[in-house]
Amino acid sequence: MPVNLQLDEHGKLRHLLTLDGLDRSILKSILDTAETFIDVGHREIKKVPLLRGRTVVNLFFEASTRTRTTFELAAKRLSADVINLSPEKMSTSKGETVLDTVRNLEAMHTDMFVVRHHLSGTAHLIASHVPAHVRIINAGDGRHAHPTQALLDMFTIRQHKGNFQQLKVAIVGDILHSRVARSQILALNILGCPEVRVAGPRTLLPTHIERMGVRVFTDMVEALNDVDVVIMLRLQYERMQGQLIPSAQEYFSLYGLTPGKLTAARSDAIVMHPGPINRGLEIDSAVADGKQSVILAQVTNGIAVRMAIMAQLMGASAATGTAQ
Amino acid sequence: MPVNLQLDEHGKLRHLLTLDGLDRSILKSILDTAETFIDVGHREIKKVPLLRGRTVVNLFFEASTRTRTTFELAAKRLSADVINLSPEKMSTSKGETVLDTVRNLEAMHTDMFVVRHHLSGTAHLIASHVPAHVRIINAGDGRHAHPTQALLDMFTIRQHKGNFQQLKVAIVGDILHSRVARSQILALNILGCPEVRVAGPRTLLPTHIERMGVRVFTDMVEALNDVDVVIMLRLQYERMQGQLIPSAQEYFSLYGLTPGKLTAARSDAIVMHPGPINRGLEIDSAVADGKQSVILAQVTNGIAVRMAIMAQLMGASAATGTAQ
Amino acid sequence: MPVNLQLDEHGKLRHLLTLDGLDRSILKSILDTAETFIDVGHREIKKVPLLRGRTVVNLFFEASTRTRTTFELAAKRLSADVINLSPEKMSTSKGETVLDTVRNLEAMHTDMFVVRHHLSGTAHLIASHVPAHVRIINAGDGRHAHPTQALLDMFTIRQHKGNFQQLKVAIVGDILHSRVARSQILALNILGCPEVRVAGPRTLLPTHIERMGVRVFTDMVEALNDVDVVIMLRLQYERMQGQLIPSAQEYFSLYGLTPGKLTAARSDAIVMHPGPINRGLEIDSAVADGKQSVILAQVTNGIAVRMAIMAQLMGASAATGTAQ
């Protein structure tokens, strides 16, 4: 897919579709901008007027109330008007194409689309057809990418570890189906993390994953050895039962993060998870709620990071240079 | 359930979970505050800036568009941002617990949860786990409580009758399943109403209901004799057909409020109903639309009372003392 | 149906239920007001404060995310608070009547209802029961009327053709089931268009349609001969398969708008469609995306026209004379 699509002629970010092809300065700029929004969440009046009068459309062909809510909150705290649209309600069910749906919405002078779709590449497809002033954020497309999740994860890692230059990070679970893992690996590489490991059962590891610059493990304890960051992935257990994994009990015994397995990591390692967590499936409650867990910090940071991305994309437009 | 949970260390209301354990001054304070919001509904610009920049989450595990709309309107007229979340869309369907859902939402710096759930005690459960600055309003939990409905009913009674000191009030219908009735009885007791009666078929009267300080009737006309206020309850007929009541016709003939039965009450008695009404089942149209009916006044008052509760709860926080 | 219902005692528009009975000055006034709102869509801050603090209820008994979104955007750009309510979530499913639902909502001091319903006359029914200060906009009722769609179509025609005095307009497709066509014919007649043609298969032409002042064709190319405007209707193919039309292929071959058939019209003819379009069923992609198509302009204009209608209706109230 044409990654340059998301950059304008000056190399500024127009859309956020994938982290593939972005350089470190762009990622750092988003993380730095997000720092300035962290404070907004602590104020009594949690609003800034940056996107006042702009219209953000949450276009969720694949339902996800949690993710949609984070974008809705981020947009409202930037003072934008928000329209929530979801797949089963869209005219696409009447035979309209995705692009016709988008063309209609952009004809209403909407400014930004936050797109989630079960097919990889949908956000790219839309971005390649919208007029210059419209911005697209990929909120998850198939198995491909989930860049805002990866950026909030990077923000959380930097918040707790300072920088990426000395870090060992392990990502554990269903790597095969995870757009989150793909985006995290890209982000960690771009930000200079020297060692990224992935771990999971062989059936849930993509072939040639090592080409992404990661070390591959099937033994979880080996993978956690001496790491600074443990990222657990959500197991889509309901989709894969009896096929790719043997049983919930066996999965938990081999790949569930327990206090015991966690001792393999550094004593100051942080534990992350994109949520929602499956307690007792991929993570033990003692760990999820334990003092090394930063899972809820990820959620908090997610609002600030999404505000930063929205503000940057809108500011990247020549016509709206004053917005920031 | 620990009723003190809803009071802070100075005896101020932090959450509104139940009326049980609240004293008269707290209820009066809410009703008095609501008086000041009645006027807002008559203005051209029906908005006050009290909760500007705050985020109110309508967390309706049990669907109720009507009740949700009243809270949404109340919050918007206080200038809050509102997020509507409903059960079938929540991650709970992916195996997430109610508390994990709430913890995630509160990590997004949301300020107040309006919770409806079919299980008694859910609002208490949530309130006992949120951090100090988060406020919970119970919008109906199982058969347990519906305190905002009872408070708007009290507001409406006081509006028409001045005070509670000489009143006879009859509550008629399905007392057994009614969280509304339970909250009304508590409210009337706290506010000093000397005589509360309940009436219904024996199958729809809880055992030991008289311990709540009410007189119990199975004959509706006896129950209405000389009362100042008649409160009809909604019959969940679709749920109980052929089981707890014989037939709609027979129910109406025995417990439906007709102009004839209403003559047993005082000539200036008011007729109330929490809505939505079943015309010809628990109430005759001639009464519902008649001059003694204050059913639509209840709806109007509901907005002002919910604004008052929201404003008071937010003002009860030390950090936000200026909000009122 | 009593058309005067929508005019106040001074002949000003109180509700917009149908175009039947409205005179040219009222339609022109709406189109002229809409001109002033076109600019708002091009601003960075796409908001004007005309309806600040007012509550607009989108009451869509018949689901239509697209149309609902246009009203939601129009209301938000006028700074109104918007409540979206949809049929399956309404208390009507609990046996409440439409009028009781509306009475409850208006008791919450809502100012305007945008009503869509599958039964003709529902908006009239509601308008005939609301208090004087409440405004009703018909967003489509059964086969009867869809006046806001017709007005945005008129706006688009005037935008491209200047006026209606010399125009030939052809409306093609399922005239029988189309509330859009009925409203368009009325609008064109009121605005002085000298020749309105309708074309479609005999099974989709209402009997006596010529009494509305149109010329009737079953041959599409004859109907398009020398026209200035071609309005294609959406075929509700999923509803009528095998009954009223033989097959999609045959329909397209006879009544689908292709570049070939379009050559029968004037070379500067514009092509319109209310959307969503069925590519390859009633319209060829080459035409829908071609240079004569103004389909997306219709969508853009729809926001401005709906803003104009909302602002005019609210301004028509004596109490709110300053809103305009």
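**Helix H6 of chain C**

I looked up burial along H6(C) and found it mostly covered, with eleven of its twelve residues buried. I counted a residue as buried if 20 or more other C-beta atoms, placed from the backbone, lie within 10 Å of its own. This is a predicted model: local features need pLDDT of at least 70, side-chain atom pairs count only at pLDDT 80 or more, and totals for chains, interfaces and linings use all residues. Residues are numbered from 1 along each chain as its sequence is written, while chains are lettered from A and ligands numbered from 1 in the order in which they are written.

The buried residues include Arg179(C), Arg182(C), Leu186(C) and Ile190(C). I asked what covers them; the list includes helix H1 (24-38), strand E4 (135-141), helix H5 (147-161), E5, E6 and E8 of chain C. Helices (H or I, at least four residues) and strands (E, at least two) are DSSP runs, numbered from the N terminus.

I checked the length next. H6(C) reaches 17 Å from its first C-alpha to its last, close to the 16 Å expected. The expected span is 1.5 Å times one less than the number of residues. After H6(C) comes Gly192(C), with a positive phi near 90°.

**The sheet**

I traced five strands of chain C in an open, parallel sheet, ordered E7-E6-E5-E8-E9. Strands pair if DSSP finds at least two bridges between them. Strand E7 (215-217) and strand E9 (270-272) of chain C are the edges, each pairing on one side only. Neighbouring strands are turned by 20° on average, direction ignored.

E6(C), residues 195-199, pairs with E7(C) in the parallel sense over three bridges. Arg197(C) has Arg215(C) in E7(C) as its bridge partner.

Helix H6 (residues 179-190) packs on this sheet, touching strand E5 (168-172), E6 and strand E8 (229-232) of chain C. Its direction makes about 165° with that of E6(C). Contact needs C-beta atoms, placed from the backbone, within 7 Å. Axes are lines fitted to C-alpha atoms, for helices over the stretch in contact, and angles run from 0 to 180 degrees between N-to-C directions.

Last, I laid chain B on chain C: RMSD 0.0 Å, a turn of 120°, a shift of 0.0 Å along the axis. The two copies are thus related as by a three-fold rotation axis. The superposition is by least squares on C-alpha atoms of residues with pLDDT of at least 70 in both.

Notes
Two residues are in contact if their C-beta atoms, placed from the backbone, lie within 7 Å.
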